[in-house]
Amino acid sequence: MVGPSTNFSASGASSGDALLQVIDLQTHFPIRRGLLQRVVGHVKAVDGVSFRIGVGETLGLVGESGCGKTTVGRSLLKLIPATGGRVLYRGESVFDQPAGEMRRLRREMQIIFQDPAGSLNPRMRVASIVGEPLEVHGIATGEELRDRVEQLLVRCGLWKTAADRYPHEFSGGQRQRIGIARALALEPKLIVCDEPTSALDVSIQSQILNLLKDLQEEFGLSYLFISHDMAVIHHICDRVAVMYDGRIVEEGDRDTIINRPTHPYTQALLSAVPEADPRRKRNRIRYEGMRM
């Protein structure tokens, strides 16, 4: 168990089966003021985060809105520049890769975005959205490309003719299935799931979670699953890292974190989970600084 003053378990992160290791990751954003927009300070969105993800494992990164979860996921994929730290994928330093090598790594590291509508280009047909990664990386063209797109759509619970439609013609859950199909196109080994169910109805959430679990078992995927919902985390994750104010304050296996949390912030998060039975009242715990 990682305590509030410790962000990195050296023994865990150095294990031989680790697919991804994040070591002291920092992402700071400048605060600019005045006519000349001079830097007067920094927002430390991520401030020394460390964890590992094993092969075929799901690590849940949980915390309140604004704690830095999404910034962690995008920083380790180099979608936004990190200020410091190291990210190792299969022992290779992600941040030190030149453009050509990073292109190769991107085939194995993909992301599913939170907003299924905003992450899809409304002017592109589904065939182009899902097939674009295959074309960019020179994997398939023509009829082969069409066949692979249709196979991906069917595997993600859609139908072949969906390839000819536009994103606005689908429901939120169906759009997220398109996003999952796009993420799977290059046959990655690691997928960052950035709150992929938070914008969906509860009934649809369970379908998407079950789809992700089935795909993980079928393709041997590893997930970094970012969420603020403890119920979702409990359903899909093997281990959980609890994040507060840019740092990981507690980390452990799922059942230990859910049933026997030791950090006050984790206890406060769990106390905020709604009870299904209205006759039962949960004893709400407040943690100083929580935005809840």
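Which residues in H6 meet which residues in H7? Gly 173, Gln 176, Arg 177, Ile 180 and Leu 184 sit on the H6 side, and they meet Ile 204, Gln 207, Ile 208, Leu 211, Leu 212 and Leu 215 of H7, where contact means heavy atoms within 4.5 Å.

A word on the ground rules. The model is predicted, with local features needing pLDDT of at least 70 and side-chain atom pairs counting only at pLDDT 80 or more, while totals for chains, interfaces and linings use all residues. Residues are numbered from 1 along each chain as its sequence is written, and side-chain values use heavy atoms, with hydrogens and water left out.

Overall, the chain comes to 10 helices and 10 strands, taken as DSSP runs (helices H or I, at least four residues; strands E, at least two) and numbered from the N terminus. Of its 292 residues, 48% count as buried, that is, under 20% relative accessible area with a 1.4 Å probe and protein chains only; exposed is over 50%, and partly exposed is in between. Among contacts with a separation of 6 or more, 65% come from residues 24 or more positions apart.

Back to the helix pairs. Two packed helices are described by the angle between their axes and the distance between the axes. Axes here are lines fitted to C-alpha atoms, for helices over the stretch in contact, and angles run from 0 to 180 degrees between N-to-C directions. H6 (residues 172-184) and H7 (residues 202-219) pack at about 15°, with axes 10 Å apart. That pair is therefore roughly parallel, the cut-offs being under 35 degrees for roughly parallel, over 145 for roughly antiparallel, 65 to 115 for roughly perpendicular and oblique for the rest.

From H4, the contact takes in Val 126, Ala 127, Val 130, Gly 131, Leu 134 and Glu 135; from H5 come Leu 145, Arg 146, Arg 148, Val 149, Leu 152 and Leu 153. The class tally is eight nonpolar, one polar and three charged residues.

Then there's the sheet. Four strands form an open sheet in the order E2-E1-E4-E5, with antiparallel pairing; strands pair if DSSP finds at least two bridges between them. E2 (38-54) and E5 (92-93) are the edge strands, each pairing on one side only. E1 (residues 18-33) and E2 share 13 bridges, and Phe 29 stands opposite Val 43 in E2. Helix H2 (residues 69-76) packs on this sheet, touching E1, E2 and E4 (84-89), with its direction at about 110° to that of E1.

Helix H10 (residues 264-271) is mostly covered, with six of its eight residues buried: Tyr 265, Thr 266, Ala 268, Leu 269, Leu 270 and Ser 271. These pack against H8 (230-236), E9 (239-244), E10 (247-253) and H9 (254-259).

Two loop residues have a positive phi without being glycines. Lys 78, in the loop between H2 and E4, has a phi of about 65° and counts as partly exposed at 31% relative accessibility. Asp 245, in the loop between E9 and E10, comes in at about 55°.

Technical notes:
Ala, Val, Leu, Ile, Met, Phe, Trp, Tyr, Cys and Pro count as nonpolar, Asp, Glu, Lys and Arg as charged, and the others, Gly among them, as polar.
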